[in-house]
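Hello,

Here is the structure I promised to pass on to you. Have a look at it first, and then read my notes below.

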Amino acid sequence: MTAATEQARRYDVPTGQRRFSSYPDYPTYNRRSSDQPIHGIESNVERRARGLGWFSIGLGLAQIGAPRTVARFIGIDDDEETRNTMFAIGLREITSGIGILSSRRPTSWVWSRVGGDLMDLALLGKAMNTRSNDRNRVGAATAAVAGVAILDFMTGQQLSQEGNGSSQQTGEAFQQKGAQTGGAVHVTESLTIRRPRHEVYGFWHNFENLPRFMAHLESVQVLDNRRSRWKAKAPAGATVEWEAETIEDRPNELIAWRSLPDASIPNSGSVRFKDAPGNRGTEVQVELRYDPPGGKIGALIAKLFGEEPQQQVKGDLRRFKQVMETGEIVHSDASIHRGMHPAQPPEDLSDVELLGTAREHAVQ
Amino acid sequence: MARKESVQIMKANCWMGKKKVQVEEVPDPKILNSHDAIVKISSTAICGSDLHLYNGFVPTMERGDVLGHEFMGEVVEVGRGVRNLKVGDRVVVPFPIACGACGACEAGMFSVCENSNPNAWIAEKLLGHSPAGIFGYSHMLGGFAGGQAEYARVPFADVGPLKVPEDLTDDQVLFLSDIFPTGYMGAEMCDIQRGDIVAVWGAGPVGQFAIASAYMLGAERVIAIDRFQYRLDMARDRAGASDIINYEQMNVQDALLELTGGRGPDKCIDAVGMEAHGHGVTYAYDRAKQAMMLETDRPIALREAILACRSGGVVSVIGVYGGFIDKFPMGAVMNRSLTIRAGQCHVHRYMRPLLERIQNGEIDPSFVITHRLPLDQAAKGFDMFVNKEDNCEKVVLST
């Protein structure tokens with residue numbers, strides 16, 4: 001057992017165990033250095049982070065449950081738009097709160113609070129300029145948010161530092177094989193698919209299938225039996241392209257790949273296939289690791305726009321399961337639109353996003 | 001592929017905010033997946049669980065969401081993956097959407113289908129794992145447009161919809177979509193034994209079917225509990241309850257002890273859910289906490305059912321809960337060896353056997369219908385149903 005596995009066993013909540021120690025034959029990669037808890041004992045900073053987590057949840061619940069009261073309290077007109085904004089902010093607060101309290105990595109969630117604070121300050125600044133609002137109250141609210149923002153920022157910084165102090169770089173495979181680690185995003189997700197292992201492996205093995213269920217991939221072109229060319233959507237409408245090479249391929253067990261050295265976003269990944277007990281199909285475990293453009297701040301901004309890497313990978317895996325089990329990606333009236341959209345039939349199929357084969361079915 | 005007549009715009013009942021629904025013109029549904037069918041709706045109903053949406057207790061609703069999950073009609077278009085249905089078939093559609101291919105579906109647990117909720121990530125945040133997608137029931141449960149409309153898109157149409165014979169009326173088979181199977185599953189989860197006395201909290205439409213089903217499954221006696229006399233009368237006169245308890249007039253626990261020789265009911269069914277009413281301090285406490293969003297659900301009926309149930313008995317929960325409850329009497333559950341079973345109904349597995357019971361004349365589910373309105377007047381239907389006006393029990397909308 002490596003030191004990293006050992007640490008995972010001792011300090012992680014069960015999800016950590018699931019990700020590390022229950023698969024002892026997997027190479028273990030150190031997770032993001034800043035996310036490591038330093039000791040089993042909770043530090044002051046972690047306690048403060050937990051306090052901020054509960055604060056987030058309380059505030060979020062108030063914003064969703066009593067938007068009018070909150071609006072009055074901070075001196076803003078109580079209209080439809082305010083209520084909608086309040087609801088969105090409330091959801092964000094609850095998400096941050098739950099994230100901080102439940103996460104193995106409260107650090108990034110505390111940073112998400114900082115981002116949220118900046119957003120709130122911007123909104124309050126806008127509210128200040130609206131005549132009908134009570135400027136004294138808005139001013140007081142702004143001061144309060146600014147205070148909390150400072151606290152969030154300090155907590156975030158201290159958590160990050162604590163993490164760095166204790167980081168252990170014990171990851172084997174990818175580090176030795178050259179993928180970047182400093183400030184990298186590392187995601188692990190698992191899902192069980194009710195299909196035989198060779199079938200699940202076989203579908204993934206053809207990388208050109210991946211864009212059928214990976215929302216951010218535009219295309220993958222297989223160049224030869226080792227190399228492939230990947231094209232992905234980046235936040236804010238940009239695209240990135242890179243070449244990757246397969247570094248390990250064990251039939252029906254494992255596929256691992258990494259970007260070639262000149263990639264603008266160095267990344268690597270692996271997928272493992274294992275029989276689920278009791279003929280339940282195949283357990284698929286995906287690991288992805290990449291250096292987001294713009295480092296930590298870039299990752300944070302991406303998260304604010306809903307591009308949370310863990311969720312993305314989980315979503316991709318879920319769509320993979322849909323494709324394997326049902327033959328296509330399942331769409332609802334709301335899911336075919338980017339962002340929230342009323343659950344009404346689409347007016348025109350040309351302006352909706354249908355991943356995978358469905359578009360072909362839809363327009364025939 | 002067959003084409004339906006070219007209607008571009010349809011009428012649909014939309015959620016427009018708390019306590020506000022409105023029939024709007026929205027685009028016609030289209031085939032989005034190869035296993036879809038488009039159904040031209042003939043009859044659709046307002047469900048008690050729609051009132052939780054109406055009253056604003058279910059998160060992740062968007063202004064404009066098309067409501068409705070109890071509907072039937074005629075198939076007017078099928079995707080190329082649908083082999084068992086053809087244009088012109090008359091079908092009843094189950095409210096949970098199920099793929100038929102995942103582990104849950106394979107196990108017959110259709111309402112927890114692993115593939116049918118494209119917004120599973122939202123549900124996971126609140127519920128740990130995601131259940132199936134449901135028509136017209138929040139974005140957390142999929143963001144699917146519902147069936148209080150002229151047309152609906154039905155995903156996995158080769159798995160869900162049940163063809164119904166022409167000699168049965170809409171009124172007789174419509175409730176196979178939800179409330180009859182839901183009530184039946186509530187009774188089935190009780191594992192009813194000879195001599196069992198079953199108590200049912202809530203004499204709404206689901207409660208009525210739970211009562212009738214408990215008898216089908218061999219209950220000795222069934223006790224109905226509610227606060228509206230007209231509902232209790234229906235439970236006694238139509239569903240066949242042997243005893244009724246109006247909790248505004250008597251103490252439920254005392255009455256149950258008296259009716260069961262001091263044992264308590266052997267099996268208890270909660271057909272109320274998250275918006276229970278009650279008396280006194282605990283009711284005020286739950287209302288206040290729910291209003292402040294400190295708990296999402298008011299579990300008054302559930303608590304009462306647990307405390308009333310005889311030791312070693314079963315509490316079966318079919319009333320809808322959305323999130324978190326408070327002051328849950330776990331001590332009673334553990335120390336008195338109670339079994340709690342719960343679930344959104346796995347409608348798919350009950351539709352056919354229950355259709356047979358209807359065909360055999362064992363039950364005519366239309367007895368719960370008290371009001372019929374055109375789809376246009378959906379808002380009036382919601383208003384009557386939520387306020388229990390004019391002895392409203394079940395509203396059916398026709399298109």
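Which residues touch the most other members of the largest nonpolar core? They are B:V200 and B:A224, in a core of 139 residues. A nonpolar core here is a set of buried Ala, Val, Leu, Ile, Met, Phe, Trp, Tyr and Cys residues joined through C-beta atoms within 7 Å. Buried means that 20 or more other C-beta atoms lie within 10 Å of the residue's own, with C-beta atoms placed from the backbone.

Before going on, please keep in mind that this is a predicted model: local features need pLDDT of at least 70, side-chain atom pairs count only at pLDDT 80 or more, and totals for chains, interfaces and linings use all residues. Residues are numbered from 1 along each chain as its sequence is written, while chains are lettered from A and ligands numbered from 1 in the order in which they are written.

Back to B:V200. Leaving aside neighbours within four places in sequence, B:V200 is in contact with residues including B:G207, B:A210, B:V222, B:A224 and B:I269. Contact means that the C-beta atoms of two residues, placed from the backbone, lie within 7 Å.

Next, a pair of helices in chain B. Helix α5 (residues 179-188) and helix α12 (residues 347-359) of chain B pack at an angle of about 100°, with their axes 9 Å apart. That makes α5(B) roughly perpendicular to α12(B), a label for angles of 65 to 115 degrees. Helices are DSSP runs of H or I with at least four residues, and strands are runs of E with at least two, numbered from the N terminus. Axes are lines fitted to C-alpha atoms, for helices over the stretch in contact, and angles run from 0 to 180 degrees between N-to-C directions.

From α5(B), B:F180, B:P181, B:Y184 and B:M185 meet B:V347, B:Y350, B:M351 and B:L354 of α12(B). B:M185 counts as buried because it has 25 C-beta neighbours inside 10 Å. In sequence B:M185 and B:Q344 are 159 residues apart, yet their C-alpha atoms are 9.1 Å apart in space. Not counting residues up to four places away in sequence, B:M185 also touches B:I318, B:G343, B:C345 and B:H346, among others.

Finally, look at where the chains meet. Chain B brings 39 residues to the contact and chain A brings 35 residues. On the side of chain B that touches chain A, α3(B) gives the most, with three residues.

Enjoy exploring!

How values were computed:
Buried ≥ 20, exposed ≤ 12 C-beta atoms within 10 Å, placed from the backbone. Parallel < 35°, antiparallel > 145°, perpendicular 65-115°, else oblique.
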